[in-house]
Amino acid sequence: MRIPTRRLSRFDSWWWDAALVAVLALITVLAARGATEGLDLGVRDWVQSHQPGWAHAVARVLNYLGQGWLVMWIITGGLTVALLVRFRDWRVLLPGVTGFLLTYLTIGPLKLWTHRDAPSSALPNAVELFNPLAVTYSNSYPSGHVVNAIVWWGIIVILASRLWRLPPTLVRWMRVAPPVIVLCTTTYLSHHWVTDGLAALALGLLLDRIIHRIDWDTILPPRR
């Protein structure tokens, strides 16, 4: 089956996608060479010294906006089931499957390849990339939470728009707010270095552009 594509308005050029790849590569090279170490360590030290109990609790709750089990399995899965019940058409599975394949084939391999630990780690050289494989590092780079917040909230909008008429303002908030919030909270909670989040922004936006190049209005059952 040929997958129809659509334009992305004035930003439809593939040069934007190439630019995102270049940004991801540049951040990776700089982090690997230690050029961003001062930034990463400085941000980590600041957030760890500015954590009143209420702010930490709020950040933990808001960070769920990028949790895979919530955005992928519960929200996306729930919307997909609702669409299956309403339309009885297997094509409603395609957005979720597309998002799963793109994230699975990129985030995991990058984490395993770069082998970087989290800011909260007590292991030596946690800020560095490409640590020895003999030591168990937590594979922090890039931030999967941030990628999830971009990719899966975009898919949630695609699916939810088949069920309800979503106001444009709500769509903008659903697309922009979760990635920004998750980027800030993962950094604040020391789950990820700031460069983990910046690299994830580039990767997430790239994947999101690939997903939204597909003409879902042609593939999915018509809105009711």
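Which residues of helix 7 meet helix 9, and which residues of helix 9 do they meet? The legends below take up this contact and several others in a predicted model.

**View 1. Helix 7 and helix 9 pack against each other.** On the side of helix 7, the contact is made by V146, V147, I150, V151, G154, I155 and I158. On the side of helix 9, they meet G197, A200, L201, L203, G204, L205, L207, D208, I211 and H212. The axes of helix 7 and helix 9 are 7 Å apart, and the packing angle is about 25 degrees. The crossing of helix 7 with helix 9 is right-handed.

**View 2. Helix 4 and helix 7 cross at roughly 20 degrees.** Helix 4 comprises residues 68-87, and its axis comes within 10 Å of that of helix 7. Helix 4 and helix 7 are therefore roughly parallel to each other. In contrast to the right-handed crossing of helix 7 and helix 9, helix 4 passes helix 7 in a left-handed crossing. From helix 4, the contact involves G68, V71, M72, I75, T76, L79, T80, A82, L83, R86 and F87. Their partners in helix 7 are N148, W152, W153, I155, I156, L159, A160, R162 and L163. I155 of helix 7 takes part in this contact with helix 4 and also in the contact with helix 9.

**View 3. Helix 5 packs with helix 9.** Helix 9 spans residues 194-213, and its axis lies 11 Å from that of helix 5. The two helices pack at an angle of about 150 degrees, and helix 5 and helix 9 are therefore roughly antiparallel to each other. Their crossing is right-handed. T98, G99, L102 and T103 of helix 5 form the contact with L207, I210 and I211 of helix 9.

**View 4. F100 and Y104 form an aromatic pair in helix 5.** The model contains 3 aromatic pairs. In one of them, the ring centres of F100 and Y104 are 5.6 Å apart and the planes lie at 15 degrees, so the pair is stacked. Both residues belong to helix 5 (residues 94-104), and because they are 4 residues apart there, about one helical turn separates them. F100 has a relative accessibility of 34% and counts as partly exposed. Y104 is exposed, at 56% relative accessible area.

**View 5. W113 and F130 form an edge-to-face aromatic pair.** The centres of the two rings are 5.0 Å apart and the ring planes are at 65 degrees, so the pair of W113 and F130 is edge-to-face. The pair links distant parts of the chain, 17 residues apart. W113 belongs to helix 6 (residues 107-114), whereas F130 lies in the loop between helix 6 and helix 7 (144-163). W113 counts as exposed at 52% relative accessibility, and F130 is partly exposed at 39%.

**View 6. R213 lies over the face of W14, while D17 touches R213.** R213 is placed at 3.7 Å from the ring centre of W14. D17 is part of helix 1 (residues 14-32). Is D17 buried or exposed? D17 is buried, because its relative accessible area is 4% and buried means under 20%. Leaving aside residues up to four places away in sequence, D17 touches L206, R209 and R213.

**View 7. A59 is a buried residue of helix 3.** Helix 3 covers residues 53-62, and A59 within it has a relative accessibility of 5%. Apart from residues up to four places away in sequence, A59 touches T185, Y188 and L189. A further position for orientation is V180, 121 residues from A59 along the chain; the C-alpha atoms of A59 and V180 are separated by 12 Å.

**View 8. R116 is buried in the loop between helix 6 and helix 7.** The relative accessibility of R116 is 1%. How far is the C-alpha atom of R116 from that of L220, and what is the separation along the chain? The two C-alpha atoms are separated by 40 Å, and R116 and L220 are 104 residues apart along the chain.

Terms used
Residues are numbered from 1 along each chain as its sequence is written. This is a predicted model: local features need pLDDT of at least 70, side-chain atom pairs count only at pLDDT 80 or more; totals for chains, interfaces and linings use all residues. Side-chain values use heavy atoms; hydrogens and water are left out. Rings of Phe, Tyr and Trp (its six-membered ring) pair if their centres lie within 6.5 Å; planes under 30 degrees apart count as stacked, over 60 as edge-to-face and the rest as tilted. Buried means under 20% relative accessible area, exposed over 50%, partly exposed in between (1.4 Å probe, protein chains only). A charge sits over a ring if NZ of Lys or CZ of Arg is within 6 Å of the ring centre and within 35 degrees of the ring normal. Axes are lines fitted to C-alpha atoms, for helices over the stretch in contact, and angles run from 0 to 180 degrees between N-to-C directions. Angles under 35 degrees count as roughly parallel, over 145 as roughly antiparallel, 65 to 115 as roughly perpendicular and the rest as oblique. A crossing is left-handed if the near helix is turned anticlockwise from the far one by less than a right angle, and right-handed if clockwise. Contact means heavy atoms within 4.5 Å.
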